[in-house]
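User: I am new to this structure and would like to learn how to read it. Could you walk me through some features?

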Amino acid sequence: MTMKLTQYQQEMLDGKHGEAKQFCMDKLTDFGEAVEAEEMVPLVLTLNGVPIWAKDRREPKMASKLAVYDLGHSALYDPLFAMKDAKVADHECTKCGSDPYMMQLDKYDVKDSGPWNFEIPGKGSFKIDEEIHRAYQDGYDKMAQHGWLNWLSCTPYFNTCIPKMGEYCASSESSAACYINTILGAKTNREQAVNTVYCAYTGCLPKYGMLLEENRAAKCIVELDDEVRDNLEGVADWAALGACIAEKADNRIMAVTNLPKMMGPTATKQIVSCASPGMNDPMMHLMGYTPESPTLEAAFKGKMPKNPERARVTMGDIIEMYQRLNNLMPAAGPDRAKPVDIVIMGCPHLTFEEVREIAQRLKGKKVKEGVKLWVQTDTPSYFMAHHYGDAKIIEDAGGKIYHQTCMVMTPMRHYPAGLTVATDSFKYVKLGSGFGQKWIFGNPEALINAAVTGVFTPTARWDYWSQPRDVRQTLAMPHVGITGSVSA
Amino acid sequence: MTQTIVLTGIARSKGKAAGEALVNRQRLGWAFNAVGNEDGVVLQPGADIEGECVGGKIVVYPTVHGSTSGAVSLYFKCTQTDHGPAALICREVHYIDIGGAIASGIPAVDSLDQDPIETIKTGDWVEIDAPKVGQKATVTITRKG
């Protein structure tokens, strides 16, 4: 063994702190040797999935259901659930939680309550299997007994577990990994979901990949045009920008310059989460935001070449990204009016500010009969929305607000065929486009309008920006804001 | 006429395995949408081994492609549906696949003294002896002429 262990880590490996810790340390030290790590780092956050627990996974009926519902992670927990002394790391600084999954547990049986239980008249219905619901609740309870806090959120870094600069994390959720590295300055890989189980019980992980300073350096610069810096508004714009940046950097860590001042949590969440599917390493140096990069020299970790490679993002790139996303699985209907079945927002989970914007746009309106408006957020924001009245506005209008869920993790390929889903989530369009539904990508203003009218129509702002530059210069820029923002 | 080639590399996951080789020149992912969890059939469009079943095979490929969930999906195939590979041989075993292989208890080997993609042919009989992670592993290739 070449990896240096602390006394406590060695004791865990020797079995002095129980079978579970020994089991997990054994796996982690093997992994550490394989990636040639020299030591382990202590973790403040571990993010992984809640398992579906089944007494007998091989029983044919259950096995066939698991093939539909299980992502593959559940059985990993079986040996740990079978150990009497198993508890997650007990240091007060180490928090272990979970990604969202399939349903709001207490609303499983409530008719038409969300992606896990709904009916669209004339098109069909979907409800998660009852036995799977019970098995999932069992997995949830067992996790809680072991000391996991079941966040069921992909954005715990906003309000539940907030790592500080320089601390180490193990996040199997890519979008969270990119936010933690980029905005908080803590360090995490897009950790594979095997290690994160073992990390939780030991509180440590071999130091490798993005946990090493030298692997976090920028390799190129992506610069925004002034026009981009000054005119992005709305969730989908930020998402498209993130996707454009990742594409320009061509799978390298980049430093991004000329960003707008005062981007809030919603904007930065969208930028980093949309960049991460296009990058192997979950890290961007957003100049003015990334704490470890006060200067370009720092972003390059002191190794900036004389003439670093530079790329630009133009408004044309942003518009093209919208068009490409809308062409992945294009919705039926004329360009200016596409009928929708489901309008969903909340991937990654909505910030409270986003929930509030939706409520303000919906106030006094009604969602069209037969159309679903699904508003998906994390647990703290869900209860804040109930406390402050935003949830009531959304539900009075006929929408649904819920927590604990990820729509794409519910088995969407078993939804009624041929539905049209409109969303402001880049990730949904990318992940869901193989599952048979039709997709529309747009900003909240247009999405709320689609939920109310049943038809998606591009906004005046979109009409303006999608014109060629010479035509655009002859037009007045439309202003259609709410809470100081304008959206496409 | 039987030809035998012996290569040495480094074990990224330990174990012994023997099986027929399945060689894929493209990067390969193990997530459920790349290799079916239920049946081990390769779904990844454009892969040389698209449509083949990886069950019990020694799968040879350059390195990983795609999602972090490849680790758990590899585990699911190896331990739950018995349609997982017997071992992995790569130019470089990516850490997503290292984690999946260790959890699954199958050997994974890289850094061989000859390029495995060029040297090993689909259908060769391959035996792997990889006793310790980070240490020397032996890959014995037997080809019937």
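**Reading a sheet, domains and a chain contact**

Analyst: Happy to! This is a predicted model.

User: Which strand pairs with β15(A), and in what sense?

Analyst: Strand β14 of chain A, residues 372-377, pairs with β15(A) in the parallel sense, over four bridges.

User: What is the strand order of the sheet in chain A?

Analyst: The order is β15-β14-β13-β16-β17 in an open sheet of five strands, with parallel pairing. β15 (400-403) and β17 (438-441) of chain A have a single partner strand each, so one side of each has no neighbour in the sheet. On average, neighbouring strands are turned by 25 degrees against each other, direction ignored.

User: Which helix packs on the sheet?

Analyst: Helix α14 of chain A, residues 379-388, does, touching β13 (342-350), β14 and β15 of chain A. The direction of α14 makes about 140 degrees with that of β15(A).

User: How is chain A divided into domains?

Analyst: The domain assignment gives domain 1 (7-213), domain 2 (217-323) and domain 3 (329-486). In chain A, 30 residues of domain 1 are in contact with 24 residues of domain 3. On the domain 1 side, the residues divide into 18 nonpolar, nine polar and three charged.

User: How many residues of chain A are in contact with chain B?

Analyst: 25 residues of chain A are in contact with 24 residues of chain B. Helix α2 (residues 19-34) of chain A gives the most to the chain A side, with five residues. By class, that side has ten nonpolar, eight polar and seven charged residues.

Notes:
Residues are numbered from 1 along each chain as its sequence is written. Chains are lettered from A and ligands numbered from 1 in the order in which they are written. This is a predicted model: local features need pLDDT of at least 70, side-chain atom pairs count only at pLDDT 80 or more; totals for chains, interfaces and linings use all residues. Two residues are in contact if their C-beta atoms, placed from the backbone, lie within 7 Å. Helices (H or I, at least four residues) and strands (E, at least two) are DSSP runs, numbered from the N terminus. Ala, Val, Leu, Ile, Met, Phe, Trp, Tyr, Cys and Pro count as nonpolar, Asp, Glu, Lys and Arg as charged, and the others, Gly among them, as polar. Two strands pair if DSSP finds at least two bridges between them. Axes are lines fitted to C-alpha atoms, for helices over the stretch in contact, and angles run from 0 to 180 degrees between N-to-C directions. Domain bounds come from an automatic or database domain assignment.
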